[in-house]
Amino acid sequence: MCLAVPMEVKSIAGEVADVEIGGVRKQIRLDLIEDKPKLGEFVIVHAGFAIRCLSREDAMETIKIFQEGWNLELI
Amino acid sequence: MEVCGTHTVAIFRSGIHSLLPASVVHLTGPGCPVCVTHEAEVAAYLEMAGKPGVIVATFGDLMRVPGPGGASLKQAQAEGARIEVVYSPFDAIKIAQDHPQDKVLFLGIGFETTAPTVAATFKAAREQGLKNLLLMACHKLVPPALDALLSDPDMAIEAFMLPGHVSAIIGLEPYRPVAERYGLPAVVTGFEPLDILQSILLMLEMKRQGKPRVINNYKRVVADEGNPKARALLAEVFTVCDALWRGIGTIPGSGLCLSPAYKCFDAFEVLGVELKESKPLPGCRCGDVLKGLLRPNECPLFAKACTPATPVGPCMVSTEGSCAAYHKYQLDISSH
């Protein structure tokens with residue numbers, strides 16, 4: 001249940017951001033993170049909230065593992 | 001022992017079991033929030049769901065969990081109860097706004113990963129002056145459960161694989177007293193097979209060197225200090241209280257209740273529902289499975305009376321439950 005996935009920030013309006021991974025777009029809340037992400041950065045999303053910001057580099061590392069491990073096209 | 005349903009699934013799905021030597025035994029602990037939700041809590045939310053003028057908003061995970069007499073939210077819904085499955089707790093605000101004449105009850109289950117999302121939701125509800133959104137807080141905290149498991153003389157846990165996303169909130173510090181008191185290696189771990197194998201290696205090395213400590217092996221997501229803003233929200237909305245865990249019973253200081261400033265959202269008070277003494281599900285050994293004392297396939301009901309299609313207990317209901325994982329991946333663990 002504590003599943004969380006990295007998603008790319010596409011736009012931000014106040015405490016709400018549009019994020020995307022692998023063609024799946026979601027609107028999420030940013031209430032739980034101190035420093036707001038920049039566009040193009042990634043956030044770890046759990047239950048509709050970002051719980052942590054990731055640098056693009058760190059996110060790419062994780063996404064690469066997902067792509068190779070599960071044969072997914074995410075980016 | 002791992003204490004995270006996502007680890008349970010990742011370990012089973014990746015076949016790591018088959019790689020482990022006989023001297024390394026993987027135990028699944030109480031890491032599935034659905035599974036550890038106590039029978040009395042299930043009975044209480046089913047009672048609330050039946051009340052007139054109540055709409056239940058819940059994560060889908062709880063829909064099929066069996067309660068007294070085989071009742072479930074899914075069954076209640078089929079019989080006319082109003083139940084909405086939400087992806088985010090925040091979705092419950094919209095439901096409450098759309099139904100001002102009803103009371104919308106959000107079922108707050110989950111560990112430290114999920115509880116801040118609920119805290120942020122109720123903080124927003126308070127700021128908006130929303131009067132018809134209620135919370136049944138059944139949140140549970142991981143470190144007190146680890147302490148409770150280790151203090152049980154029947155347990156033979158030698159290392160903990162710590163949950164990645166719980167740790168993203170609480171950081172490493174809360175685990176240290178437990179790990180130090182019992183001299184156990186403990187490793188915060190990600191969810192890819194290599195993350196898991198590397199953590200097992202770290203545990204074994206610490207054990208061999210006789211230098212147990214808490215290590216963060218999921219640094220790409222977990223900061224050692226966790227997420228202070230999320231913890232501040234938790235501290236504002238909740239207070240720590242004792243909590244009931246299925247199969248374990250009451251663990252002191254292992255739950256979250258609404259703080260005095262948020263009592264107006266407390267479903268127990270507003271709807272007048274109490275946790276009552278409840279009987280365990282007949283024949284279900286979920287409690288022993290959650291403590292790692294019994295492997296799922298050693299339960300007399302496993303794959304006979306209890307299957308994913310007709311689950312008797314929550315460990316078979318939740319996709320993250322160890323019984324469901326054993327069943328799905330058809331593990332032959334007789335050699336372990």
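This is a predicted model: local features need pLDDT of at least 70, side-chain atom pairs count only at pLDDT 80 or more; totals for chains, interfaces and linings use all residues.

**A strand and its surroundings**

Modeller: Happy to. Strand β1 (residues 5-13) of chain A is joined to β4(A) by four bridges, and the two run antiparallel.

Is β4(A) buried or exposed? Five of its five residues are buried, so the strand is largely enclosed by the rest of the structure. The burial holds for both faces: A:Phe42, A:Ile44 and A:His46 lie on one side, A:Val43 and A:Val45 on the other. For the chain as a whole, buried residues make up 40% of the 75 residues in chain A.

Stepping back to that chain, its secondary structure consists of five strands and one helix, in the order β-β-β-β-β-α from the N terminus. A compact globule of 75 residues would have a radius of gyration near 11 Å, and the 12 Å of chain A agrees with that. The C-alpha trace spans about 35 × 25 × 20 Å along its principal axes. Of the contacts in chain A between residues at least 6 apart in sequence, 32% join residues at least 24 apart.

Our strand also has a part in the contact with chain B. That contact takes 21 residues from chain A and 32 residues from chain B. On the chain A side, the elements giving two or more residues are β4 (42-46), β5 (49-54) and α1 (56-70). The largest share of that side, five residues, comes from α1(A). Sorted by class, the side of chain A that touches chain B has 11 nonpolar, four polar and six charged residues.

In soluble globular proteins, nonpolar side chains tend to be buried together. Here the largest nonpolar core has 134 residues, and A:Val43, B:Leu105 and B:Leu135 touch the most other members. Helix α3 (residues 39-49) of chain B gives the most to this core, with seven residues. So that you can find B:Leu135 on screen, look for its contacts beyond four places in sequence: they are B:Phe106, B:Gly108, B:Val118, B:Phe122, B:Leu258, B:Phe265, B:Asp266 and B:Ala267.

Now over to the sheets of chain B. One is an open sheet of four strands with parallel pairing, in the order β2-β1-β3-β4. Its edge strands are β2 (82-85) and β4 (133-137) of chain B, each pairing on one side only. Neighbouring strands in this sheet are turned by 25° against each other on average, direction ignored. Within it, β1 (residues 54-58) and β3 (residues 103-108) of chain B pair in the parallel sense over four bridges, and B:Val54 stands opposite B:Lys103 in β3(B).

Another open sheet in chain B has three strands in the order β5-β6-β7, also with parallel pairing. Strands β5 and β7 (214-216) of chain B stand at its edges with a single partner strand each, so one side of each is left without a neighbour in the sheet. The twist here averages 30° from one strand to the next. β6(B) and β7(B) pair in the parallel sense over three bridges, with B:Ala186 standing opposite B:Val214 in β7(B).

Among what covers the buried residues of α1(B) are β5 (160-163), β6 (186-189), α10 (193-209) and α15 (322-329) of chain B. Eight of the 10 residues of α1 (residues 5-14) of chain B are buried, so this helix is largely enclosed by the rest of the structure. They are B:Gly5, B:Thr6, B:His7, B:Thr8, B:Val9, B:Ala10, B:Ile11 and B:Phe12. After the helix comes B:Gly15, with a positive phi near 75°.

Key. Residues are numbered from 1 along each chain as its sequence is written. Chains are lettered from A and ligands numbered from 1 in the order in which they are written. The radius of gyration is taken over C-alpha atoms; the globule rule is 2.2 Å times the number of residues to the power 0.38. A residue is buried if 20 or more other C-beta atoms lie within 10 Å of its own, exposed if 12 or fewer, and partly exposed in between; C-beta atoms are placed from the backbone. Two residues are in contact if their C-beta atoms, placed from the backbone, lie within 7 Å. Two strands pair if DSSP finds at least two bridges between them. Axes are lines fitted to C-alpha atoms, for helices over the stretch in contact, and angles run from 0 to 180 degrees between N-to-C directions. Ala, Val, Leu, Ile, Met, Phe, Trp, Tyr, Cys and Pro count as nonpolar, Asp, Glu, Lys and Arg as charged, and the others, Gly among them, as polar. A nonpolar core is a set of buried Ala, Val, Leu, Ile, Met, Phe, Trp, Tyr and Cys residues joined through C-beta atoms within 7 Å.
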